[in-house]
Amino acid sequence: MTSLIKVWEIPGGVHPPENKSQSLQEPLAKLPIAPQLILPLNQHIGNPAKPVVAIGDHVRGGQRIAEADGIFSAHVHAPTSGTISAIDDHLIPHPSGLSAPCITIDTDGKDDWVTLTATDDYHKLERTTLLAKIRDAGVAGLGGAGFPTSVKLNPRANHIIDTLILNGTECEPYITADDMLMQTRADEVVAGTQLLAYLLNNPGRVVIGVEDNKPRAVEALQRAAADTEIQVVSFPTKYPSGGEKQLIQILTGREVPSGQIPASIGVVCQNVGTAVASWRAVRYGEPLVSRVTTVVGEALTRQRNIDVLLGTPIDFILKEHGFDAKKASRLVMGGPMMGFTLPDPQVPLIKTTNCILAPSKKELPPPLPAQACIRCGLCAEACPASLLPQQLYWYAQAEDYEKLEAHSLFDCIECGACSFVCPSHIPLVQYYRAAKGSIRLHEKEREKSDRSRRRFEFRQERIAKVEAEKEAKRLARKQAAEAAKKKLANEKQAGVEAGPVPAPVSDAQTKAGAKQKTPAEQQARLERLLASAQESLKKAQQPLEANEPGQSVTDEQREKQQARIKQAELKVHDAEQKLSDFRAEQGKSAETPAPADSDPVAAAIAKAKAKMDMDPAEKLRANLDSLQQRLAKAEEKAEAARAAGDEKADALAQGVQKLQQKIKDTQTELAELSPSTVAEPSPSGRHEADVAGLAIEKAKAKAAAMATMSADDKLRNQIDSVKARLEKARERLAKAEAEADDNVEAFRTGVEKLSSKLETLEQQANASAD
Amino acid sequence: MLKVTSPHTHSALSTGQLMRLVIYATLPGLAALTLFFGWGSLLNVALASVTALACEALAVRLRGRPVSFYLGDYSALVTAVLLGLALPPYAPWWIAVVGSVSAILLAKQLYGGMGFNPFNPAMVAYVILLISFPVEMTQWTAPRNALVDDQSAVGIIEGLRMIWAGAPIDAYTAATPLDTLKQNPGLLLEDLYSQDPTLVSGIWAGAGWEWVNLAFLLGGLVLLYKRVYTWHAPVSMLIALALMAAVFYDGGSSNSGGSPLFHLLSGATMLGAFFIITDPVSSAVSVRGRIIYGAAIGVLIYVIRTWSNYPDGVAFAVLLMNFAAPFIDHYTLPRTYGHKKPRKATEKEGH
C-alpha cells in the first residue's frame, strides 16, 4: 500500500548524519520518580497557566495544579502525588535562559492518583465534550511548538478540513522518541489518529507520514492500521521533512500560504505523540503528565528512550544515564539542528522536550570561526523554503529590514539547513533570528510612535479648533463694538441723553465688591506663575544623572541642561517682571479710581463719555445701553399695541423678545470680556434702573480694566514668546520622536506644559483685553 | 559548556576545501597546456601564485587580520592559478607579477577582501594586462604537434630565458585558431582548415586547443560531481555560445565565425565556463539568475569573438556580466514556499 501513494519532493534539504541507532539499542524505559518535580506554568504556546494550588498543599497525581488562562493556554497537572513546596520563578528550558513561574512539587513516592473518568466509546459523546476532555488533560503539541491541541482540532468554520496528517517524520538527527512510540504503541497511535479524525468530522484523507529510515515503526503502524482508513506513508529521509509545512508539501503537494495556518488549505497536522496523549485523555481521562524522550549523546554512558514525568529535572535524568560533564561539549534540548543549548542542567523536562542531547566534544565540536561569505549558493540549494539565505545574511548584517522582508525573511522556518552547509561556517540562522527579533521590535516601536503621533495631531487639531472659535468670537465682538460705536455717534448727534436715573446703589456696591477680587486674583495668578517658574528653575539646576547607570554624563546632556536652566531663568525673570509691573499698575489704579468711587454716578458719566471711543468694552456697554433703551421703547410700543388690539402686537412682541435676547447676548459677551463686571441679566421690567447701575459698573470696571490694560502689552508679548517656545518645543519633540530619543517623554511634558500655559495666558488676555 | 544556537552540527565541507578542490580540478587543464605549449603555463602559475600569496598576506596584515587564517581559505591561490592559466606561456615574468598584484590588491582587497569583490579578480587582472601590454598578451607559442618546419618546441632553459631575460619569442609563436579566423575573412573554412598549421594538425578546433578545452571540461565535470557549484551557469553559457554559433554559422565561410563545436573548444571557453563564471562571489546567486548570467556571458563571448577586435572575449564578457549580476539578482528571487509567484527585491510587505 505504501509504495502506491504518491509523495512530492521538497526543494532543498540536507542529509546530516542520522545518529539514530544509539538510542534504539535499549527498549523504552520508565524513569523512577524524581524527589522534586518543577512544572513551568508555560509549557505551551500562549498564556501561562494560573496556579490553583498553594504552597503546602498536598496534591495527588493527575490533579490540576494550574488552570489555562484563556483559549491559547493549557492546564498543568501534578504528575504524581506530593506536596507543593514552591510557586516561584525557576530556570526554564528556553533559549533565553530566563526564569519563569513554576510550581515545585516535593514528591512523596506513593504515586497516589486522583480517580480518572474513562470513556469506553467516544463515539457516543459530543464533539465538544471530547474537545473539552482533551483540553482538560492539558494536551499541547508534543512535536516541539506546544500548540494547545484542542484549539488546532477546532478549526474555523470556513476552513474545511479534508486531510489529517500525523507527523511521525522525526527528521532531526539523534531523536528517536516518536520512532520508539510508534514501534511500541502503534495501536495507541492508530486509535489516537482515529479519534482526531473523528473530531475533525472524518476528513477524506488521513495519513501518518514516516521517513523511510524507520522501517520498524512503519511496519508496526501498518499492522495496527491494517483495517482502517489510515494511510501509512513512508518517504525518503531528508532534513527537514518533518517541518509541518514541509510534511504537508510532501504528502499533499500543497503549500501553506505565507502567513497562514495549514487549516486554510484544509490540512491539520498533529504529532504522533500528541495523538497518543489525546487518545489517553479521552479513553482513560488521563492528563498529560509524562512523555517519551530520547536521552542520547556520547557524554552519557547509557543512551535510550525513556518515558518520563513532566517536570523531572534534567540533571536527575542525566545522572540516571551516567552523564560526564567533562566530556560534554554542550547540553542540548531537542536535536542538533534546531535544539537549543540549556543554560543549566537544573531546568525541568516539559511537554515539548523530545530529546536531551549530551554530545561529547568530538561528537559535536565547537563551531569554527566564521569566514567571509563567498556566495557559493550552497545555502540557497539547501533551503527548503526556497529563500536566498546569503542575501538575507547580507541584509541582516546591514540591518536593511525592508529588503529582509522583501526577501521573505518571515518565511524562514529556522531549520538550520543553510548554516549546516555553509562552508564558511557562518551562523546564518542566528542572524535571521536576531533580524526577526529586531523587526518585531521595530514594528512595535513604530506602532507606539504612530499612536503618540496620532495623539499629538489630534491634540493639535483640537487646539486649532478652540483657537478658531475664539478668533471667530473675537471678530464678532469687534464688529458688534463697531456697530455700537456708530450707533452711539448717531445717538449723540440726535442729542439723545442717556441720563442716569437714581440707581440702586446697594446693587452696584455688591457688584463692586465682587469685582474687587479680580486684581487680587490676578496678582495671585502671577505669583503662582513666578513660583512655578522658580520651581522649574530649581529642577533644571539639579545635578545631572547619567542616562544609564554606570555611564558617565554626556556632553550632550550637559548642554541640554544648560539650555533648560537658561529657559527657566528667563521664565522666572518674565514672571518677576510681570508681577512687579502688575503691582505698580495696581498701586496707580488704586489711586486713580478712588475718587471715582466717592461719586460713582458723575464719574461714571464723565468717564463713559471721555473714553467711549477708545475702549471696546465701553463700546459694548454703550451698545447694551442703547439696546436697553430700544427695548424700553419697543416694550412701550408693544404694550400700546396690545392695549389697542393692534394686529401688529405679535410682531412687536417678537421684536421685544429679540431685543431681550440681544441684550442677554451682549451681557454675556460683556461678562466674558471682563469677568469682574458680571452683569446680572436684568429683569425686563427694571431696565431703566439697570441702565444707571450699568453706568456705575462701567466706571468701576474701567478702573479694573485700566489696571489690567497696561499689563496687556506685556501679556501679549508673553503670549508671543510662549507661542514661539511652544513651536520650538514641538519641533524638538517631533525630532526626538523620529529619533526615538530617550527623552521623548520629557519633551512631551514640556510641550504640554507650554501649551497649557499658553491657554491660561490667552484666557487671561481675553479676559482682560480685546 | 557551550551556549550556542542551533544548528549544532555542520557538514564536513569548508571554504578552504572547496577552493582546494577547484585548484585540483584545474590540474588536467594545466597538464594539457604544459603538454601542448610547453612549460610556460606552469611557470606562469607558479609565479602568479607566489606573488598573489605575498600580496594577500601583505593586505591581510595591513588590515590587521590573522594572516594564516585568511590564507587558509585558498582563495588567493585559486585566483593566481586561474590567472596563470589564462596568460600566454613564456610571457615576461612581470606580466604574471603585475597581473597577480592587480588581481589581489586592486580587484579583491581594495573591495574588502574575499567575498566582497564585485568583479572576478583573475579576469580584472587579465583585462588590465591585455589593454596595457597587448603585444606580450597576444603571443601564444605554437602547439607542440603543429610546429612548422623552421620551428622547434621551447626548451625549459630557452623558456626561462624568455621569461626572465625577455629573449624574443617570435620564432616560437603561431596564431591561435580564433586569431586565424578573425584575420582571414572572406575565405572558406575548408581552406583555413587545410592551410593553417594549427588547424591542420587538429581535429575540431586546432591542435592543442581542443584538448586543453576538453581537459578543463573534465575538471569542471569533477567539480559538478563534487557539488562545488551547480550546472546552471556553465551549461547555460555553453548552450548560449553554441546556439549563437549555430545561428550565425553559414556552414563554410570564415566570415561567419566558425561552427558551434569550434567555439566550444576554442580559446578560454571551457576554462571560462567551469572555472571563471562559476566564481560564486561575482556571479548571480539564484538558480534563475545563474542561468541568465551564464547565457548572457555565452552570447557576449560569441559577439566579442566575432564582431570585435579581440579574438577571444571571455574576460570581457565575464566582467560585463559581473556588472549586471546584482541587477539580475534583483529580478530573479526564487519563489518562496507559500508564495504564489516569485517576488521582486523591491516589493514591500507588512506581515
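**Notebook: chains A and B of a predicted model**

I began with Arg375(A), which is buried at a relative accessible area of 13% (buried means under 20% relative accessible area, exposed over 50%, partly exposed in between, with a 1.4 Å probe and protein chains only). Arg375(A) has a positive phi of about 55° although it is not a glycine. I placed Arg375(A) in the loop between strand S17 (355-357) and helix H9 (378-382) of chain A; helices (H or I, at least four residues) and strands (E, at least two) are DSSP runs, numbered from the N terminus.

I noted the conventions: this is a predicted model, in which local features need pLDDT of at least 70, side-chain atom pairs count only at pLDDT 80 or more, and totals for chains, interfaces and linings use all residues. Residues are numbered from 1 along each chain as its sequence is written, chains are lettered from A and ligands numbered from 1 in the order in which they are written, and side-chain values use heavy atoms, with hydrogens and water left out.

I then looked up Glu170(A), which has a positive phi of about 45° although it is not a glycine. Glu170(A) lies in the loop between strand S9 (163-167) and H3 of chain A, and it counts as buried at 9% relative accessibility.

Next I examined the cis peptide bonds. One joins Tyr239(A) and Pro240(A), with omega about 0°; Pro240(A) lies in the loop between strand S11 (231-235) and H6 of chain A. Another joins Ser6(B) and Pro7(B), with omega about -5°; Pro7(B) lies in the segment before helix H1 (15-37) of chain B.

In helix H6 (residues 244-252) of chain A I found Gln249(A). Is Gln249(A) buried or exposed? Gln249(A) is buried, with a relative accessible area of 8%. Not counting residues up to four places away in sequence, Gln249(A) touches Trp8(A), Ile10(A), Pro11(A), Arg254(A), Glu255(A) and Tyr337(B) (contact means heavy atoms within 4.5 Å).

Chain A has 21 helices and 17 strands, and buried residues make up 49% of its 770 residues. Of the contacts in chain A with a separation of 6 or more, 74% are between residues 24 or more positions apart.
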